[in-house]
Amino acid sequence: MISVLRGSILYASDMYYDLKEAEIRQIERIEEGFLRKVLKTTMGCPITQLYLEMGVAPARFEILKMRLLYLKNILEDNEESSRKKFFFLQLELPTRGSWAQTCINDMKDLRITETFEEIKLMTKYKFNSILKERIKKNALKYLLDKKGKKGKEIIYSELQMAEYLLPGSNNLTIEEKCKLFAVKNRMIDIPANFGGTNTCICGMEEDMAHIYNCGIYKGKQPILVYEKIFSGNIGEQIEIFRLFEQNFEERLKNKTEIPM
């Protein structure tokens, strides 16, 4: 899905070098806006959760990948190639921030220890596979290091699309998938999710778990603990989501908020 967008916003990005953080963020904000529209969420949703739940590495990593794939293409040129001569000239006369130096930094970041000759002789499939594997690991660490409070309950062992978002993997509609994303990442519009407090009509302090468990609503009593929506299997997540949604709709009908 996002590959279609990247085909235009990352056109010729294999030639980018020495980008500043502000420049990278300008590019990434475009795809983050796209992800927000896909998931029907707001600017208040943490950027990290957009990428982690969709299983997408930020654009900075795609730029890095495209640059190193172009490097391999240069290395495969014959010795009379102008671009190959220019690349090795940049290495012989190093300049901070040059395209060649940026490639060297990329290789260090991904812990690619192969020599240029080894990369040249490697098949494109193998080199691409190495890049994909290293980038997924680095992107996951990058995103986890930036995680905030929202989504902190969700454990990520690898960068892949959340099961409930996969097409054809469950009985959820697109609208329900977006709502489940909102529930799992505390983007439901209640005060507790945005730094405020509110008292439920039962007299208890209200948060997501309370809405799910509150016996004052007409929904059936829960069997599963609310925390399973973060760590349970897809069936458990959907069951908890259905009951939460039922209780939340009942809450909206009988809304009597008492600010604290």
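## A walk through an all-helix chain

The chain has 12 helices and zero strands. Keep in mind as you look around that this is a predicted model. If you read along the sequence, the pattern is simply α-α-α-α-α-α-α-α-α-α-α-α.

Let's start with the overall shape. For 260 residues, a compact globule would come out with a radius of gyration near 18 Å, but this chain has 24 Å.

How much of the chain is buried? Buried residues make up 45% of the 260. As for who touches whom, take the contacts with a separation of 6 or more: residues 24 or more positions apart account for 61% of them.

Now for the inside. In soluble globular proteins, nonpolar side chains tend to be buried together. Here, the largest nonpolar core holds 69 residues, and the members touching the most others are Leu-68, Tyr-226 and Phe-244. Helix H4 (residues 59-75) supplies the largest share of this core, with eight residues.

Zoom in on Tyr-226 for a moment. Leaving aside residues up to four places away in sequence, Tyr-226 touches Val-183, Met-208, Ala-209, Tyr-212, Asn-213, Ile-240 and Phe-244.

Next, the cysteines. How many disulfides does a search of the whole structure find? The count is zero.

| Cysteine | Nearest cysteine sulfur | Distance | Relative accessible area |
|---|---|---|---|
| Cys-200 | Cys-202 | 3.6 Å | 3% |
| Cys-214 | Cys-200 | 3.8 Å | 7% |

Why is Cys-200 in no disulfide? A disulfide needs two cysteine sulfur atoms within 2.5 Å, and the nearest one to Cys-200, that of Cys-202, is 3.6 Å away. Cys-214 is in no disulfide either, with the sulfur of Cys-200 at 3.8 Å. Cys-200 is buried, and Cys-214 is buried too.

Finally, hop over to Met-43. Which loop does Met-43 lie in? Look between helix H2 (21-39) and helix H3 (47-54). Is Met-43 buried or exposed? Met-43 is exposed, with a relative accessible area of 70%. Gly-33 sits 10 residues from Met-43 along the chain, and their C-alpha atoms are separated by 8.5 Å.

Conventions. Residues are numbered from 1 along each chain as its sequence is written. This is a predicted model: local features need pLDDT of at least 70, side-chain atom pairs count only at pLDDT 80 or more; totals for chains, interfaces and linings use all residues. Side-chain values use heavy atoms; hydrogens and water are left out. Buried means under 20% relative accessible area, exposed over 50%, partly exposed in between (1.4 Å probe, protein chains only). A nonpolar core is a set of buried Ala, Val, Leu, Ile, Met, Phe, Trp, Tyr and Cys residues joined through side-chain atoms within 4.5 Å. Helices (H or I, at least four residues) and strands (E, at least two) are DSSP runs, numbered from the N terminus. Contact means heavy atoms within 4.5 Å. The radius of gyration is taken over C-alpha atoms; the globule rule is 2.2 Å times the number of residues to the power 0.38.
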